[in-house]
Amino acid sequence: MSSSDVTSGQKSVAKYLSARTITPEVMSYIMEKGTREPEQMVKLREVTTEHPASVMMSAPEQACFFTMLMKLIGAKKTIEVGVFTGYSTLATALGLPEDGKVIALDISDEYTAIGRPYWKAAGVEGKIDLQIGPAAASLDKLIEAGGANQYDFAFVDADKPNYQLYYEKLLVLIKPGGLITIDNVLWSGRVVDNSVNDESTVAIRNLNAFISADKRVEIVMLPIGDGVSFVRKI
């Protein structure tokens, strides 16, 4: 592709861009008028914001959307790869019916312990099956236990170099018509900056290209938070 082709392509999509970026004032407006963040989610978000690794928390509008999405797709069995303090886990659990379940996978008992009191206070502790250990091994155990084609929804927000490994295992576990959602697919814009080639950026860039061509799924990538791909298993 020539430089003129790239320039032409950039111009063709320019009309779809917002004339203004999302400012803190606009984000505050969205939070006030465009979401109904439950009390325990607000409290957990505020606690997590003070954490040194708070950048790993999902965006609040994204989390609230996931709560609604669970209801829209009628999800009952879900998987979360990467829990951190459990903010998105709480959001997902709140959208599930009483007999719903989130299999929450993380390697840190320290981080996940932050969210557990808020899960309990929100009344969803019983919906969350927290499993501490390497996610790939935990996913293998779910497959070995007969979990293939049994899950409605999965959310991946974990170590980027292993994203494609998680994706392939989740494709086994998710039922046809189910959703895999993948966080940080825009990676603060680094995916389109060819001068950035660290391991995580390359892994996300490669996964995005792979899924775009994967005939086993349908995909829509949206600029929510740091970019989320919604991947539907055919």
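Is Lys175 buried, partly exposed or exposed? In this predicted model, Lys175 is partly exposed, because its relative accessible area is 30%. Its salt-bridge partner is Asp152, with 3.0 Å between the closest N and O atoms. Asp152 sits in strand S4 (residues 151-156) and Lys175 in strand S5 (residues 174-183), so this pair ties together parts 23 residues apart in sequence. Asp152, at 13% relative accessibility, counts as buried.

Next, the other salt bridges. The count for the model comes to eleven. One of them joins Asp140 and Lys169, whose closest N and O atoms are 2.7 Å apart. That pair links distant parts of the chain, helix H7 (residues 135-144) with Asp140 and helix H8 (residues 163-173) with Lys169, 29 residues apart. Here Lys169 counts as buried, at 15% relative accessibility, while Asp140 is partly exposed at 28%. Arg45 pairs with Glu37, again with closest N and O atoms 2.7 Å apart, and Glu37 is buried, with a relative accessible area of 15%. Glu168, Asp214 and Arg216 are linked in a salt-bridge network.

Asp226 is in the loop between strand S6 (217-222) and strand S7 (228-233). Asp226 is buried and has no salt bridge; Arg190, the nearest side chain of opposite charge, is 5.9 Å away. A polar atom of the Asp226 side chain does lie 2.7 Å from the backbone nitrogen of Ser188. Among the residues Asp226 touches are Asn184, Leu186 and Trp187.

Last, Ser108, in the loop between strand S2 (101-106) and helix H6 (109-121). Ser108 counts as buried because its relative accessibility is 14%. Its side chain reaches the backbone nitrogen of Glu110 at 3.4 Å.

Definitions and conventions: Residues are numbered from 1 along each chain as its sequence is written. This is a predicted model: local features need pLDDT of at least 70, side-chain atom pairs count only at pLDDT 80 or more; totals for chains, interfaces and linings use all residues. Side-chain values use heavy atoms; hydrogens and water are left out. Helices (H or I, at least four residues) and strands (E, at least two) are DSSP runs, numbered from the N terminus. Buried means under 20% relative accessible area, exposed over 50%, partly exposed in between (1.4 Å probe, protein chains only). Lys and Arg count as positive and Asp and Glu as negative; His and the chain ends are not counted. A salt bridge is a side-chain nitrogen of Lys or Arg within 4 Å of a carboxyl oxygen of Asp or Glu. A polar contact is a pair of N or O atoms within 3.5 Å; within protein, one must be able to donate a hydrogen and the other to accept it, and residues adjacent in sequence count only if both atoms are side-chain atoms. Contact means heavy atoms within 4.5 Å. Lists of a residue's contacts leave out its neighbours within four places in sequence.
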